[in-house]
Amino acid sequence: MPAPTTEKKVSNKNLHKAKKSKNDEFYTQLSDIEKELKHYKEHFRDKVIFCNCDDPEESHFWKYFSENFEFLGLKRLIATHYETEKPSYKLEIVADTNGDGRINKLDTIRTPLMQNGDFRSPECIEILEESDIVVTNPPFSLFREYVAQLFEHDRKFIIVGHQNAITYKEIFNLIKENRIWLGYGFSGGAAHFINKYYEDYATAGDHREGMIRVSGVNWFTNLEIQKRHEDLILYKKYSQEEYPKYDNYDAIEVSKTKDIPLDYVGAMGVPVTFMDKYNPDQFEILGCSYVYGEPIGYHIEGKGFNVSISGKEVYKRLFIRNKKLS
Ligand SMILES: C[S@@+](CC[C@H](N)C(=O)[O-])C[C@H]1O[C@@H](n2cnc3c(N)ncnc32)[C@H](O)[C@@H]1O
(Lines give C-alpha, C1' and ligand atoms only; values in the text may rest on other atoms or scores of the structure.)
Protein backbone atom coordinates (compact mmCIF):
# COMPACT_ATOMS: atom_id res chain seq x y z
CA MET A 1 0.00 0.00 0.00
CA PRO A 2 1.58 3.37 -0.98
CA ALA A 3 2.34 5.38 2.15
CA PRO A 4 1.09 8.98 2.18
CA THR A 5 3.70 11.42 3.34
CA THR A 6 1.70 13.75 5.57
CA GLU A 7 -0.59 13.32 8.51
CA LYS A 8 -4.15 14.50 8.39
CA LYS A 9 -7.11 14.98 10.67
CA VAL A 10 -10.66 14.48 9.49
CA SER A 11 -13.44 16.36 11.20
CA ASN A 12 -17.04 15.25 10.76
CA LYS A 13 -17.34 17.92 8.08
CA ASN A 14 -14.45 16.50 6.16
CA LEU A 15 -15.76 13.01 6.63
CA HIS A 16 -18.96 14.17 5.01
CA LYS A 17 -16.93 15.64 2.17
CA ALA A 18 -15.10 12.35 1.86
CA LYS A 19 -18.38 10.51 1.65
CA LYS A 20 -19.65 12.79 -1.03
CA SER A 21 -16.56 12.35 -3.12
CA LYS A 22 -16.91 8.57 -2.63
CA ASN A 23 -13.56 8.51 -0.94
CA ASP A 24 -14.17 5.50 1.27
CA GLU A 25 -10.63 4.29 1.23
CA PHE A 26 -9.88 4.12 4.94
CA TYR A 27 -7.92 1.05 5.95
CA THR A 28 -8.22 -0.34 9.46
CA GLN A 29 -5.05 -0.89 11.44
CA LEU A 30 -4.15 -4.37 12.64
CA SER A 31 -3.75 -3.13 16.23
CA ASP A 32 -7.33 -1.78 16.25
CA ILE A 33 -8.66 -5.03 14.82
CA GLU A 34 -6.79 -7.04 17.45
CA LYS A 35 -8.02 -4.80 20.26
CA GLU A 36 -11.66 -5.29 19.28
CA LEU A 37 -11.71 -8.88 18.08
CA LYS A 38 -10.04 -10.31 21.18
CA HIS A 39 -13.45 -9.88 22.86
CA TYR A 40 -15.20 -12.18 20.38
CA LYS A 41 -12.82 -15.13 20.41
CA GLU A 42 -15.42 -17.66 21.59
CA HIS A 43 -17.75 -16.63 18.74
CA PHE A 44 -15.24 -17.52 16.03
CA ARG A 45 -14.68 -21.19 16.84
CA ASP A 46 -15.75 -23.46 13.98
CA LYS A 47 -17.24 -20.55 12.06
CA VAL A 48 -17.02 -19.32 8.47
CA ILE A 49 -15.71 -15.74 8.46
CA PHE A 50 -16.36 -13.47 5.50
CA CYS A 51 -14.57 -10.15 4.92
CA ASN A 52 -16.59 -8.76 2.02
CA CYS A 53 -15.21 -5.23 1.68
CA ASP A 54 -11.57 -6.06 1.66
CA ASP A 55 -8.72 -6.16 -0.71
CA PRO A 56 -7.34 -9.32 0.86
CA GLU A 57 -3.84 -8.55 -0.25
CA GLU A 58 -3.89 -5.34 1.81
CA SER A 59 -6.61 -5.87 4.40
CA HIS A 60 -5.57 -6.26 7.99
CA PHE A 61 -8.83 -8.13 8.58
CA TRP A 62 -7.58 -10.82 6.24
CA LYS A 63 -4.16 -10.71 7.89
CA TYR A 64 -5.68 -11.06 11.37
CA PHE A 65 -7.88 -14.04 10.51
CA SER A 66 -5.40 -15.81 8.25
CA GLU A 67 -2.63 -15.59 10.83
CA ASN A 68 -4.93 -16.66 13.66
CA PHE A 69 -6.87 -19.30 11.71
CA GLU A 70 -5.86 -22.18 13.99
CA PHE A 71 -5.71 -20.13 17.18
CA LEU A 72 -9.33 -19.07 16.65
CA GLY A 73 -10.36 -22.52 15.42
CA LEU A 74 -11.95 -21.15 12.24
CA LYS A 75 -13.75 -23.42 9.82
CA ARG A 76 -13.19 -21.28 6.76
CA LEU A 77 -12.05 -17.75 5.89
CA ILE A 78 -13.12 -15.90 2.76
CA ALA A 79 -12.38 -12.37 1.56
CA THR A 80 -13.59 -10.73 -1.62
CA HIS A 81 -11.97 -7.85 -3.40
CA TYR A 82 -13.99 -5.07 -5.02
CA GLU A 83 -13.25 -3.66 -8.47
CA THR A 84 -15.40 -0.88 -9.85
CA GLU A 85 -15.71 -2.11 -13.39
CA LYS A 86 -14.06 -5.46 -13.91
CA PRO A 87 -14.29 -8.99 -12.57
CA SER A 88 -12.50 -9.50 -9.31
CA TYR A 89 -11.37 -12.42 -7.12
CA LYS A 90 -11.72 -14.03 -3.75
CA LEU A 91 -9.18 -15.50 -1.37
CA GLU A 92 -10.04 -18.41 0.80
CA ILE A 93 -8.49 -20.62 3.47
CA VAL A 94 -10.24 -23.89 4.22
CA ALA A 95 -7.73 -26.60 5.01
CA ASP A 96 -4.05 -27.52 5.07
CA THR A 97 -3.80 -27.50 1.29
CA ASN A 98 0.02 -27.45 1.17
CA GLY A 99 0.27 -30.35 3.62
CA ASP A 100 2.76 -28.67 5.99
CA GLY A 101 0.72 -29.66 9.02
CA ARG A 102 -0.62 -26.17 9.69
CA ILE A 103 -3.50 -24.10 8.36
CA ASN A 104 -2.41 -20.54 7.67
CA LYS A 105 -1.98 -18.01 4.88
CA LEU A 106 0.26 -20.45 2.97
CA ASP A 107 -2.94 -22.41 2.33
CA THR A 108 -4.67 -19.53 0.58
CA ILE A 109 -6.65 -20.37 -2.55
CA ARG A 110 -7.25 -17.58 -5.04
CA THR A 111 -10.32 -17.92 -7.28
CA PRO A 112 -11.50 -15.45 -9.92
CA LEU A 113 -15.00 -14.03 -9.50
CA MET A 114 -17.33 -13.66 -12.47
CA GLN A 115 -18.54 -10.31 -11.07
CA ASN A 116 -16.77 -7.31 -9.54
CA GLY A 117 -16.81 -8.27 -5.86
CA ASP A 118 -19.50 -5.74 -4.93
CA PHE A 119 -20.95 -6.94 -1.62
CA ARG A 120 -24.41 -6.67 -3.28
CA SER A 121 -23.50 -8.84 -6.27
CA PRO A 122 -25.27 -12.24 -6.50
CA GLU A 123 -21.91 -13.99 -6.27
CA CYS A 124 -20.98 -12.23 -3.02
CA ILE A 125 -24.46 -12.73 -1.61
CA GLU A 126 -24.05 -16.44 -2.24
CA ILE A 127 -20.84 -16.41 -0.18
CA LEU A 128 -22.62 -14.35 2.47
CA GLU A 129 -25.24 -17.06 2.71
CA GLU A 130 -22.51 -19.64 3.34
CA SER A 131 -20.86 -17.52 6.04
CA ASP A 132 -21.51 -17.29 9.76
CA ILE A 133 -19.88 -14.00 10.71
CA VAL A 134 -19.08 -10.98 8.56
CA VAL A 135 -16.19 -8.88 9.80
CA THR A 136 -14.99 -5.76 7.99
CA ASN A 137 -14.93 -2.01 7.71
CA PRO A 138 -17.46 -1.35 4.91
CA PRO A 139 -17.61 1.90 2.93
CA PHE A 140 -19.14 4.58 5.17
CA SER A 141 -21.19 5.89 2.26
CA LEU A 142 -22.97 2.52 1.85
CA PHE A 143 -23.43 1.77 5.54
CA ARG A 144 -27.26 1.74 5.52
CA GLU A 145 -27.41 -0.58 2.54
CA TYR A 146 -24.66 -2.74 3.95
CA VAL A 147 -26.43 -3.26 7.30
CA ALA A 148 -29.79 -3.80 5.58
CA GLN A 149 -28.26 -6.64 3.60
CA LEU A 150 -26.81 -8.27 6.72
CA PHE A 151 -30.25 -8.27 8.34
CA GLU A 152 -31.96 -9.42 5.20
CA HIS A 153 -29.71 -12.48 5.25
CA ASP A 154 -29.79 -12.79 9.03
CA ARG A 155 -26.01 -12.80 9.47
CA LYS A 156 -23.87 -12.13 12.54
CA PHE A 157 -21.39 -9.29 12.11
CA ILE A 158 -18.69 -7.08 13.58
CA ILE A 159 -18.23 -3.98 11.44
CA VAL A 160 -16.79 -0.49 11.68
CA GLY A 161 -19.14 2.46 11.27
CA HIS A 162 -19.58 6.08 12.27
CA GLN A 163 -21.55 6.94 15.41
CA ASN A 164 -23.75 9.23 13.30
CA ALA A 165 -25.27 6.03 11.94
CA ILE A 166 -26.92 5.45 15.34
CA THR A 167 -29.60 7.98 14.44
CA TYR A 168 -30.04 6.94 10.80
CA LYS A 169 -33.69 5.97 10.50
CA GLU A 170 -32.96 2.39 9.45
CA ILE A 171 -30.21 1.81 12.00
CA PHE A 172 -31.95 3.53 14.92
CA ASN A 173 -34.85 1.10 14.89
CA LEU A 174 -32.44 -1.82 15.03
CA ILE A 175 -30.62 -0.16 17.95
CA LYS A 176 -33.87 0.46 19.79
CA GLU A 177 -34.97 -3.14 19.31
CA ASN A 178 -31.59 -4.37 20.61
CA ARG A 179 -30.76 -6.07 17.34
CA ILE A 180 -27.50 -4.14 16.87
CA TRP A 181 -25.20 -2.52 19.44
CA LEU A 182 -21.78 -1.01 19.83
CA GLY A 183 -18.62 -3.00 20.39
CA TYR A 184 -15.69 -2.04 22.60
CA GLY A 185 -14.61 0.79 20.34
CA PHE A 186 -11.50 2.73 19.46
CA SER A 187 -9.36 4.53 22.04
CA GLY A 188 -10.86 7.92 22.79
CA GLY A 189 -13.68 7.39 20.27
CA ALA A 190 -11.43 8.19 17.33
CA ALA A 191 -9.60 5.92 14.94
CA HIS A 192 -6.48 6.42 12.92
CA PHE A 193 -7.00 4.75 9.56
CA ILE A 194 -4.41 4.08 6.91
CA ASN A 195 -5.48 6.27 4.02
CA LYS A 196 -4.10 6.15 0.53
CA TYR A 197 -6.36 8.57 -1.34
CA TYR A 198 -6.64 11.34 1.22
CA GLU A 199 -7.80 14.80 0.38
CA ASP A 200 -6.51 18.12 1.56
CA TYR A 201 -7.89 17.98 5.10
CA ALA A 202 -6.95 20.49 7.78
CA THR A 203 -4.04 19.41 9.91
CA ALA A 204 -3.92 19.51 13.70
CA GLY A 205 -2.23 17.72 16.62
CA ASP A 206 -2.66 14.03 17.33
CA HIS A 207 -1.36 12.95 13.94
CA ARG A 208 0.33 9.82 12.76
CA GLU A 209 2.34 9.35 9.65
CA GLY A 210 0.28 8.02 6.73
CA MET A 211 -2.90 8.04 8.77
CA ILE A 212 -6.15 9.88 8.78
CA ARG A 213 -7.86 10.54 12.11
CA VAL A 214 -11.63 10.10 12.13
CA SER A 215 -13.55 10.96 15.28
CA GLY A 216 -16.78 9.24 16.29
CA VAL A 217 -16.09 5.84 14.77
CA ASN A 218 -17.08 2.67 16.49
CA TRP A 219 -17.68 -1.04 16.03
CA PHE A 220 -21.23 -2.22 15.43
CA THR A 221 -22.16 -5.81 16.16
CA ASN A 222 -24.96 -8.25 16.94
CA LEU A 223 -22.71 -10.71 18.76
CA GLU A 224 -22.94 -11.00 22.52
CA ILE A 225 -20.19 -9.24 24.44
CA GLN A 226 -19.65 -8.84 28.15
CA LYS A 227 -19.52 -5.05 27.90
CA ARG A 228 -23.23 -4.67 27.18
CA HIS A 229 -24.12 -6.39 30.42
CA GLU A 230 -22.09 -4.07 32.62
CA ASP A 231 -24.04 -1.42 34.52
CA LEU A 232 -23.06 2.18 34.13
CA ILE A 233 -22.20 3.39 37.65
CA LEU A 234 -24.40 6.38 38.42
CA TYR A 235 -23.46 8.80 41.15
CA LYS A 236 -25.43 12.05 40.70
CA LYS A 237 -28.78 12.91 42.27
CA TYR A 238 -31.53 14.54 40.25
CA SER A 239 -32.33 18.23 40.86
CA GLN A 240 -34.64 20.47 38.83
CA GLU A 241 -31.93 23.13 38.55
CA GLU A 242 -29.29 20.83 37.12
CA TYR A 243 -31.55 18.84 34.77
CA PRO A 244 -33.95 21.18 32.94
CA LYS A 245 -36.94 19.84 31.02
CA TYR A 246 -37.20 20.21 27.25
CA ASP A 247 -39.80 22.51 25.68
CA ASN A 248 -41.09 19.74 23.44
CA TYR A 249 -40.58 16.49 25.35
CA ASP A 250 -41.58 15.32 28.79
CA ALA A 251 -37.94 14.51 29.48
CA ILE A 252 -34.95 16.04 31.22
CA GLU A 253 -31.72 17.10 29.54
CA VAL A 254 -28.63 15.13 30.55
CA SER A 255 -25.80 16.62 28.53
CA LYS A 256 -23.18 14.06 29.58
CA THR A 257 -23.77 10.32 29.85
CA LYS A 258 -21.71 10.10 33.05
CA ASP A 259 -24.13 12.57 34.70
CA ILE A 260 -27.29 10.46 34.28
CA PRO A 261 -29.03 10.89 37.65
CA LEU A 262 -29.37 7.70 39.64
CA ASP A 263 -32.85 8.49 40.91
CA TYR A 264 -34.81 9.93 37.96
CA VAL A 265 -37.71 7.71 36.98
CA GLY A 266 -38.93 9.41 33.78
CA ALA A 267 -37.47 9.97 30.31
CA MET A 268 -34.00 11.48 29.92
CA GLY A 269 -32.35 12.95 26.82
CA VAL A 270 -28.72 11.86 26.41
CA PRO A 271 -26.07 12.33 23.68
CA VAL A 272 -25.67 9.52 21.12
CA THR A 273 -22.33 8.64 22.75
CA PHE A 274 -24.49 7.08 25.50
CA MET A 275 -24.69 4.01 23.26
CA ASP A 276 -21.14 3.18 24.22
CA LYS A 277 -22.32 2.61 27.82
CA TYR A 278 -25.70 1.11 27.03
CA ASN A 279 -26.73 -1.97 28.97
CA PRO A 280 -30.24 -3.13 27.97
CA ASP A 281 -30.82 -4.55 31.47
CA GLN A 282 -30.23 -1.10 32.97
CA PHE A 283 -31.82 1.26 30.45
CA GLU A 284 -34.56 1.23 27.87
CA ILE A 285 -34.19 3.29 24.71
CA LEU A 286 -37.47 5.14 24.21
CA GLY A 287 -36.70 7.06 21.06
CA CYS A 288 -34.60 9.80 19.54
CA SER A 289 -35.13 13.42 18.60
CA TYR A 290 -36.28 12.71 15.04
CA VAL A 291 -39.81 12.22 13.80
CA TYR A 292 -39.15 8.54 13.04
CA GLY A 293 -37.83 7.97 16.58
CA GLU A 294 -40.63 9.59 18.54
CA PRO A 295 -40.56 8.43 22.17
CA ILE A 296 -44.23 7.53 22.38
CA GLY A 297 -45.93 9.31 25.26
CA TYR A 298 -43.04 11.71 25.88
CA HIS A 299 -43.18 14.00 22.86
CA ILE A 300 -45.46 17.01 23.32
CA GLU A 301 -48.03 16.95 20.55
CA GLY A 302 -47.91 19.73 18.02
CA LYS A 303 -44.29 20.67 18.84
CA GLY A 304 -41.20 20.06 16.72
CA PHE A 305 -38.85 17.12 17.15
CA ASN A 306 -35.48 18.89 17.51
CA VAL A 307 -34.88 19.13 21.25
CA SER A 308 -34.93 22.61 22.75
CA ILE A 309 -34.73 24.14 26.22
CA SER A 310 -36.25 27.58 26.79
CA GLY A 311 -36.33 28.13 23.03
CA LYS A 312 -32.68 27.15 22.53
CA GLU A 313 -31.99 24.10 20.38
CA VAL A 314 -29.86 21.30 21.75
CA TYR A 315 -27.88 18.79 19.65
CA LYS A 316 -29.66 15.53 18.78
CA ARG A 317 -30.57 13.29 21.68
CA LEU A 318 -31.55 9.72 22.45
CA PHE A 319 -34.32 9.29 25.00
CA ILE A 320 -33.83 6.66 27.65
CA ARG A 321 -35.28 5.59 30.98
CA ASN A 322 -33.74 3.72 33.86
CA LYS A 323 -35.43 0.29 33.93
CA LYS A 324 -34.26 -0.42 37.45
CA LEU A 325 -36.32 2.41 38.95
CA SER A 326 -39.76 1.29 37.88
C1 LIG B 1 -13.42 1.86 4.48
S2 LIG B 1 -12.58 0.84 3.32
C3 LIG B 1 -12.06 -0.44 4.36
C4 LIG B 1 -11.20 -1.45 3.73
C5 LIG B 1 -10.89 -2.64 4.63
N6 LIG B 1 -12.13 -3.32 5.01
C7 LIG B 1 -10.17 -2.18 5.85
O8 LIG B 1 -10.77 -1.93 6.88
O9 LIG B 1 -8.93 -2.04 5.78
C10 LIG B 1 -13.94 0.19 2.43
C11 LIG B 1 -13.56 -0.75 1.31
O12 LIG B 1 -14.74 -1.18 0.66
C13 LIG B 1 -14.50 -1.24 -0.74
N14 LIG B 1 -15.78 -1.06 -1.41
C15 LIG B 1 -16.36 0.08 -1.87
N16 LIG B 1 -17.56 -0.17 -2.42
C17 LIG B 1 -17.75 -1.51 -2.30
C18 LIG B 1 -18.80 -2.38 -2.68
N19 LIG B 1 -19.88 -1.92 -3.29
N20 LIG B 1 -18.65 -3.71 -2.41
C21 LIG B 1 -17.55 -4.18 -1.79
N22 LIG B 1 -16.53 -3.40 -1.39
C23 LIG B 1 -16.63 -2.08 -1.64
C24 LIG B 1 -13.53 -0.12 -1.01
O25 LIG B 1 -12.79 -0.37 -2.16
C26 LIG B 1 -12.68 -0.13 0.26
O27 LIG B 1 -11.56 -0.93 0.08
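F283 touches L232, L234, I260, M268, F274, Y278, I320, R321, N322 and K323, leaving out residues up to four places away in sequence. Contact here means heavy atoms within 4.5 Å. The model is predicted: local features need pLDDT of at least 70, side-chain atom pairs count only at pLDDT 80 or more, and totals for chains, interfaces and linings use all residues. Residues are numbered from 1 along each chain as its sequence is written, and side-chain values use heavy atoms, without hydrogens and water.

**Exercise 1.** Find which residues touch the most other members of the largest nonpolar core.

*Solution.* 
- Start with the term. A nonpolar core is a set of buried Ala, Val, Leu, Ile, Met, Phe, Trp, Tyr and Cys residues joined through side-chain atoms within 4.5 Å.
- Buried means under 20% relative accessible area, exposed over 50%, partly exposed in between (1.4 Å probe, protein chains only).
- The largest core has 42 residues, and I260, F274, M275, F283 and L318 touch the most other members.
- Elements giving two or more residues to this core include α7 (143-152), β15 (283-288) and β18 (318-322). Helices (H or I, at least four residues) and strands (E, at least two) are DSSP runs, numbered from the N terminus.
- Helix α7 gives the most, with 5 residues.
- Another core lies apart from this one; its 34 residues include F26, F65, I158 and I212.

**Exercise 2.** Classify the aromatic pair of F119 and Y146.

*Solution.* 
- Rings of Phe, Tyr and Trp (its six-membered ring) pair if their centres lie within 6.5 Å; planes under 30 degrees apart are stacked, over 60 edge-to-face, the rest tilted.
- F119 and Y146 are 4.9 Å apart, centre to centre, with 70° between the planes, an edge-to-face pair.
- F119 lies in the loop between β6 (109-112) and α6 and Y146 in helix α7, so the pair ties together parts 27 residues apart in sequence.
- Both F119 and Y146 are buried.
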